[in-house]
Amino acid sequence: MEEDSHQAPKALAETGHCYYGNTLPCFLLLYNPLQYKQPRMSSMADQFGFFSRRCVWVNGPIIVGAGPSGLAVAACLKEHGVPSVILERSDCIASLWQKRTYDRLKLHLPKQFCQLPRFPFPEHYPEYPTKQQFIDYLESYARHYEISPRFNQSVQLARYDETCGLWRVRATGTGTAAGSRSHEVEYIGRWLVVATGENAESVVPELDGLREFGGDVMHVGDYKSGEAYRGKRVLVVGCGNSGMEVCLDLCDYEALPAMVVRDSVHVLPREVLGKSTFELAVLLMKWLPLWLVDKILLVLAWLVLGNIERCGLRRPSTGPLELKNTVGRTPVLDTGALGKIRSGDIKVVPGIKRFSPGKVALVDGQVLDIDSVVLATGYRSNVPQWLQGCDFFSKDGFPRTAFPNGWRGQSGLYAVGFTRRGLSGASSDAVRTAKDIGRMWKEELKPAKRPVACHRRCISQI
């Protein structure tokens, strides 16, 4: 049941009780209903803008993002008996995986490190599930826990209202009527869970002369396969896991890729003697300090891969795990690209100086003829664009407090999926968040020791 928020003043004045329903404007909680005055409320409504959009009371946490992080926290909340609402700007769950990944993508880590809480991958899945298998797994997860996100809800603004002690989240419909004021909704609730993740927005760098290039330019989020690039000279900007795999994919379709390597990069074998390198690192870190584990990994990488500097790749002075923990730079897990570099099928080139029509000038003086450009320049968090009045997140969109304590802020704010530790880190955050909210939920359900004018629990919930 949902009722129009315009009915609130009348119901409040006539009954003398707290207005119940999904659309309770939060400032009404602050006033004694018997002392209600129309002019006072009208001015408050104008100030907060409640009557310019539909207001929805959420009886539980508001979760922003229906990726793996959002699904995980919603499922864990259900196990604690806590309802929630997920707002998702796209029209499907895990939109990054479904719409912005290339066809050949597989999980880089073994499946046991990528499963969501209390829901293992099917036994028949391979050690490294494919993109489609992972999407199927997430959809099964949502069905199992009966999670139904509110799709096409793009969050424009979220702010904690100190006056009433509630979160106000303004979302705009992204369907056919996007931009219509009738599609603006104000969600109001006690808790806000930020689950938009580390990869919400594509990073597109400013490259001198790129607009004059004239050829095809796309971000890796729009790249699907090398089929359209057969026989073409493709410049891949970026040497992370995506850049390496796109180059490998282009080779499979007989394209001619050149990969821009501007900075140093760690390349590790995906497996050592049939054992996952990541799994080995996790095992070693139980007994050894991080710096020593880094030393061991580098020795194993040299034994398996050889000296990568001969391929034009420089290793950072900081170890791979320490670099990941401090600045979030993930080491590349080699799945065959290094062999293509050694054979000359993938050309490694230094940084870009300037583009010109059909060409690119490099910082070492080389000039290459190219047909297309793929920007494997990564993604970033978009939290600073919509979360306001809060210093829990830094300008780069990550919690200021380092892992493992960066999952909880103040005033009912939580962050899930910002650990720089992939899906296992997101699952850990989800479990902690649900447990914390579940504890408060149960405490507030206990009978009050003294009568109160109104209570947060409402008759209807979403």
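In which sense, parallel or antiparallel, do strand 17 and strand 18 pair, and over how many bridges? In this predicted model, strand 17 pairs with strand 18, residues 359-362, in the antiparallel sense. The pairing runs over 4 bridges. One of the bridged residues is I352, whose partner in strand 18 is L362. In general, strands of a sheet pair through backbone hydrogen bonds, and the arrangement can be parallel or antiparallel.

The helices were examined next. Helix 3 spans residues 68-79, and helix 5 spans residues 131-144. Their axes come within 10 Å and cross at roughly 25°. An angle under 35 degrees counts as roughly parallel, and the two helices are therefore roughly parallel to each other. The crossing of helix 3 past helix 5 is left-handed. On the helix 3 side, the contact is made by P68, L71, A72 and A75. On the helix 5 side, the residues are F134, L138, Y141 and A142.

Helix 9 covers residues 320-327. Its residues P320, L321, L323 and K324 are buried. Viewed down the helix axis, the buried residues fall within an arc of 165°, so they line one face of helix 9. Three elements receive this packing: strand 12 (267-269), helix 7 (277-285) and helix 8 (290-305). Just after helix 9 comes G328, with a positive phi of about 80°.

Helix 12 spans residues 422-445 and includes S427. The relative accessible area of S427 is 9%. Buried means under 20%, so S427 is buried. Neighbours within four places in sequence left aside, S427 is in contact with Q115, L116 and P117. K442 is also found in helix 12. With 48% relative accessibility, K442 counts as partly exposed. K442 and V82 are 360 residues apart in sequence. In space, their C-alpha atoms are 8.9 Å apart.

Several backbone features lie in loops. L273 sits in the loop between strand 13 (271-272) and strand 14 (275-276). The phi of L273 is near 55°, a positive value in a residue other than glycine. Its relative accessibility is 89%, so L273 counts as exposed. The loop between strand 22 (387-388) and strand 23 (413-415) holds P404. The peptide bond from F403 to P404 is cis, and its omega is near 10°. S411 is found in the loop between strand 22 and strand 23 as well. S411 is not a glycine, yet its phi is positive, at about 60°. A relative accessible area of 32% makes S411 partly exposed.

Note on methods:
Residues are numbered from 1 along each chain as its sequence is written. This is a predicted model: local features need pLDDT of at least 70, side-chain atom pairs count only at pLDDT 80 or more; totals for chains, interfaces and linings use all residues. Side-chain values use heavy atoms; hydrogens and water are left out. Two strands pair if DSSP finds at least two bridges between them. Buried means under 20% relative accessible area, exposed over 50%, partly exposed in between (1.4 Å probe, protein chains only). Contact means heavy atoms within 4.5 Å. The arc is that of the directions from the helix axis to the C-beta atoms. Axes are lines fitted to C-alpha atoms, for helices over the stretch in contact, and angles run from 0 to 180 degrees between N-to-C directions. Angles under 35 degrees count as roughly parallel, over 145 as roughly antiparallel, 65 to 115 as roughly perpendicular and the rest as oblique. A crossing is left-handed if the near helix is turned anticlockwise from the far one by less than a right angle, and right-handed if clockwise.
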